[in-house]
Amino acid sequence: NKLLDKKTIMIIGAGLEHIIAQSVARRLGLRVFVTDADANAPGFKTADHFAVVSTYDYKGNLSAARNYEKKIGKISIKKIVHLFATIYKIYKIRLHEKKLALYYPPAGPDAAPLIRDLILLFFIKPFFFKTIYHFRAAGISDYLKRKSKLIQFFCKKIYGKPDIGIQLSSLNPKDVAYFQSKKIYYIPNGLEDDALSYLPIKREF
């Protein structure tokens with residue numbers, strides 16, 4: 001399945017119970033694509049991509065999966081314009097803020113998002129005093145190791161040596177080590193668990 005080859009999992013349903021499945025998928029380094037009939041489904045807030053389709057609509061879900069497969073990882077004029085608009089917005093913020101750290105989630109093992117990272121980081125990384133990479137999409141190091149030495153050298157120069165590298169698991173590909181992170185942290189779920197606000201459970205820590 002091409003979707004799974006690109007480390008994406010499709011979850012049909014975006015209710016509270018599905019948020020837990022999303023969390024497990026992220027720990028495995030997968031991107032999450034979900035569908036649900038409810039346009040306000042809580043799982044849409046935590047997914048990477050979503051589509052409003054009934055869980056009972058077999059053909060609709062199949063069509064959504066195919067549309068996702070066509071769009072993900074493809075370069076388009078719209079994406080290029082959005083990329084440079086983002087760079088411009090970052091410059092504006094940087095002019096007003098004197099000392100900022102760059103917190104960035106690097107691309108997964110795909111060519112198009114890798115190119116996006118290289119362009120974006122080339123323009124903005126020098127303007128931040130520290131860099132923090134959160135490798136939510138695992139596998140970029142394995143992907144680059146299959147490329148030529150010249151491409152690897154170029155990518156390492158652009159990504160640089162981050163001050164902090166965060167991985168979801170020590171079992172994931174060693175992306176943090178590949179980019180020579182100065183400090184390495186393993187955080188199983190480094191993002192806020194949005195499901196907690198929906199669960200009627202009082203936890204004590």
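Okay, hi everyone. Before anything else: what you're looking at is a predicted model. The chain has 205 residues, and buried ones make up 41% of them. In terms of elements, we've got eight helices and seven strands. And if you take the contacts with a separation of 6 or more, 56% of them are between residues 24 or more positions apart.

Let's start with the sheet made from S1, S2 and S3. It's an open sheet, the strands come in the order S1-S2-S3, and the pairing is parallel. At the edges sit S1, residues 8–12, and S3, residues 49–52, and each of those pairs on one side only. From one strand to the next, the twist averages 15°.

If you want to find the pairing on screen, go to S2, residues 31–36: four bridges join S2 to S3, and the two run parallel. Pick Val34, for example, and you'll find that its bridge partner in S3 is Phe50.

Now, which helices go with this sheet? One is H2, residues 16–27, which packs on the sheet and touches S1 and S2. The direction of H2 makes about 170° with that of S1. Then there's H3, residues 58–71, lying across S1, S2 and S3 and running at about 145° to S2.

On to the other sheet. This one is open as well, with four strands in the order S4-S5-S6-S7 and parallel pairing. So which strands stand at the edges? Those are S4, residues 101–104, and S7, residues 183–186. Each has a single partner strand, so one side of each is left without a neighbour in the sheet. The twist here averages 15° from one strand to the next.

Click on Gly165 and look across to S7: the bridge partner is Ile184.

The helix to watch on this side is H5, residues 111–124. H5 packs on the sheet, where it touches S4 and S5, the latter being residues 130–135. The H5 direction makes about 175° with that of S4.

H5 also has helix neighbours, so let's go through two of those contacts. Just as a reminder, two packed helices are described by the angle between their axes and the distance between the axes.

First up, H7, residues 149–159. H5 and H7 pack at about 45°, with their axes 9 Å apart, and the two are therefore oblique to each other. Their crossing is left-handed. On the H5 side the contact is made by Leu114, Asp117, Leu118, Leu121 and Phe122, and on the H7 side by Phe154, Cys155, Ile158 and Tyr159. What kinds of residues are those? Eight are nonpolar, none polar and one charged.

Next, H4, residues 77–96. The axes of H4 and H5 come within 10 Å and cross at roughly 25°, which makes H4 roughly parallel to H5. This crossing is right-handed. H4 brings Leu83, Phe84, Ile87, Ile90 and Tyr91 to the contact, while H5 brings Arg116, Ile119, Leu120, Phe123 and Ile124. That set divides into nine nonpolar, no polar and one charged.

Notes
Residues numbered from 1 in each chain as written. Predicted model: local features only at pLDDT ≥ 70, side-chain atom pairs only at ≥ 80, totals over all residues. Heavy atoms only, no water. Pairing = 2+ DSSP bridges. Axes fitted to C-alpha atoms, helices over the stretch in contact; angles between N-to-C directions. Contact = heavy atoms within 4.5 Å. Parallel < 35°, antiparallel > 145°, perpendicular 65-115°, else oblique. Left-handed = near helix turned anticlockwise from the far one by under 90°. Nonpolar A, V, L, I, M, F, W, Y, C, P; charged D, E, K, R; others polar. Buried < 20%, exposed > 50% of the residue type's maximum accessible area, 1.4 Å probe, protein only.
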